[in-house]
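These are my notebook entries on one chain.

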Amino acid sequence: MKNYYCFAFLLTSIFVFSQKTFSPGYYIDQSNIRNEGFIEDTNPYNSPTKINFKTSVDTQSSEITIEKIKEYKINTDYKYIKYKVDYDYDQIINKDELSIFGVEPNLKQKEILLKVLVEGRINLYSAIVDDAIFFYMKDENDQEPILLVHRKYNLQNRIIENNAFRKAIYEKMKSEEYMLKDFLTINYNKKELEALFKNFNQGVGNFIEQNVDIKREQNKFYYKVFAGISSFSTTYSYNGANDLKAKNNFSNPIFGFELSTVFGRNSKRSEVFTKLFYQKVSIVSSHNSSLGNNYILDLTMNSDFSSLNFIGGYRYALIRIGRNQLFIDGSLGISTIIDGDFDLDYKLIYTGLDNDSISIQNYTYNEYNLTFLFNVGIGYKINNRYAINLEYSTPKNYLTQYISLSSGGFSNLNLIFTYTINK
């Protein structure tokens, strides 16, 4: 019963920690009214389509959608301004460059909250739409930001690049100091473009410094707690011939902590993680068979143990829809028993007499060893904070020194609920 109390306590703790973080900022609405207050600090990867805003720390927040936003900024983050801009639709629907054909982009338009990377005579913006990244530029003569075209496409099964963005930037910046050759090696990434536009605007004396905490853009660590239940089974056989089958259900608690970091040049789909977790297991395995000549063999193995486990692994988001994602993961680690009780009852029953006779022997296994474990799983994350996943763990043999138990171990299926403390 203590295990269930512990499990319930951990779940309660998860909900206690589930507090949203709001930071000072503002948004400008469609009537050009500047609204000062606090904005939920989610640091989204894809371009935002809404914000949660409240006028003071203690008031209830309200959701403000992109239709009502003209501009917004969290004080330590980049500014976002809404524009109707072009984007390459082929890069949205085709994640594999071999599936993109033709040198020219397939342009479509939509309203996007563009991130302002550099402000000055020529502004630089970025947008990430369904994991595809686009950059834009705008000067005082442009009504809307201009898409900087970069497109990788398939030409006779070879990947070719359209780097039209280099010439477009040159046409804006060309001067005695900036020649065409200076742009021929510029790559289509935030670091190089940001440096180029910053240097240009500083050179013409028209650079606006933004109050941005650059640590927000770096890969950061995520702290998570998780709890769940496990169904265990055994693959042991006694004396090599008598398989022990488990009678069990999802009644074994598991809980622990995870530290992870997300990366990936564009998509942020990849994640590496480490986990430290505790499992409490109670499982009964048995075997019953007829040996002939009126003898029946009945074996019962009672296993009650607690294990401490440490693993490291890799997680990949197969599908991302906004802040939700379907993911798979795999991990490798070690497991050790911190408290255990393993007993096997050996019963040989003779049924040939009027009164059955029973021979009983009891074996205690009290020496266990460190073992490796390998896990694979699939799960779904909601709002970049809550996740549920189903995980299979291959057999772990803690009793290798006992010759009578062969080809064995404890395998398990875990149903795990995870909460990300800092998203």
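**Entry 1: the second largest cavity.** I looked up the second largest cavity in this predicted model and noted a volume of about 100 Å³. A cavity here is a set of points, on a 1 Å grid over the protein atoms alone, where a 1.4 Å probe fits but cannot get out. Grid points are joined across faces, edges and corners, and the volume is the space filled by probe spheres set on the points. By this rule I count three cavities of 30 Å³ or more.

I then asked which residues line the second largest cavity closest to its centre. Of its 14 lining residues, these are E258, R315, F327, A387 and T418; a lining residue has an atom within 4 Å of a point. Two or more lining residues come from each of β19 (270-292), β21 (324-350), β24 (386-396) and β26 (410-420). The largest share, three residues, belongs to β24. By class I find eight charged, three polar and three nonpolar residues in this lining. Asp, Glu, Lys and Arg count as charged, Ala, Val, Leu, Ile, Met, Phe, Trp, Tyr, Cys and Pro as nonpolar, and the others, Gly among them, as polar.

**Entry 2: basis of the values.** I note that residues are numbered from 1 along each chain as its sequence is written, and that side-chain values use heavy atoms, with hydrogens and water left out. As the model is predicted, local features need pLDDT of at least 70 and side-chain atom pairs count only at pLDDT 80 or more, while totals for chains, interfaces and linings use all residues.

**Entry 3: the chain as a whole.** I record four helices and 26 strands. Helices (H or I, at least four residues) and strands (E, at least two) are DSSP runs, numbered from the N terminus. Of the 423 residues, 46% count as buried. Buried means under 20% relative accessible area, exposed over 50%, and partly exposed in between (1.4 Å probe, protein chains only). Among contacts with a separation of 6 or more, residues 24 or more positions apart account for 63%; contact means heavy atoms within 4.5 Å.

Entry 4: In α3 (residues 164-173) I find F165, R166, I169, Y170 and M173 buried. They lie on the same side of α3, because they cover an arc of only 135° around the axis, taken from the directions from the helix axis to the C-beta atoms. Their packing partners are β8 (122-129), β9 (132-139), β10 (146-148) and α4 (190-203).

The largest nonpolar core has 39 residues, with F134, Y136 and I169 making the most contacts inside it. Such a core is a set of buried Ala, Val, Leu, Ile, Met, Phe, Trp, Tyr and Cys residues joined through side-chain atoms within 4.5 Å. At least two residues of this core come from each of β6 (79-88), β7 (107-120), β8, β9, β10, α3 and α4. A second, separate core of 19 residues includes Y236, F305, Y346 and Y402.

Beyond four places in sequence, the residues touched by F134 include Y87, Y125, V129, L147 and Y188.

**Entry 5: I186.** I186 is in the loop between α3 and α4 and counts as buried at 13% relative accessibility. Setting aside neighbours within four places, I186 contacts F165, R166, E192, L193 and L196. The C-alpha atoms of I186 and F165 are separated by 9.3 Å.

Entry 6: Y314 is partly exposed at 39%, and G312 is partly exposed at 30%. With neighbours up to four places away left out, G312 touches F273, T274, S331 and L332, whereas the contacts of Y314 include F263, F273, I328 and G330. Y314 and T274, 40 residues apart along the chain, have C-alpha atoms separated by 8.9 Å.

Entry 7: Most residues other than glycine have a negative phi. N383 lies in the loop between β23 (371-382) and β24 and is partly exposed at 25%.

Definitions and conventions: 1 Å grid on protein atoms, 1.4 Å probe; cavity = no way out; pocket = protein on both sides within 12 Å on 5 of 7 lines; lining within 4 Å.
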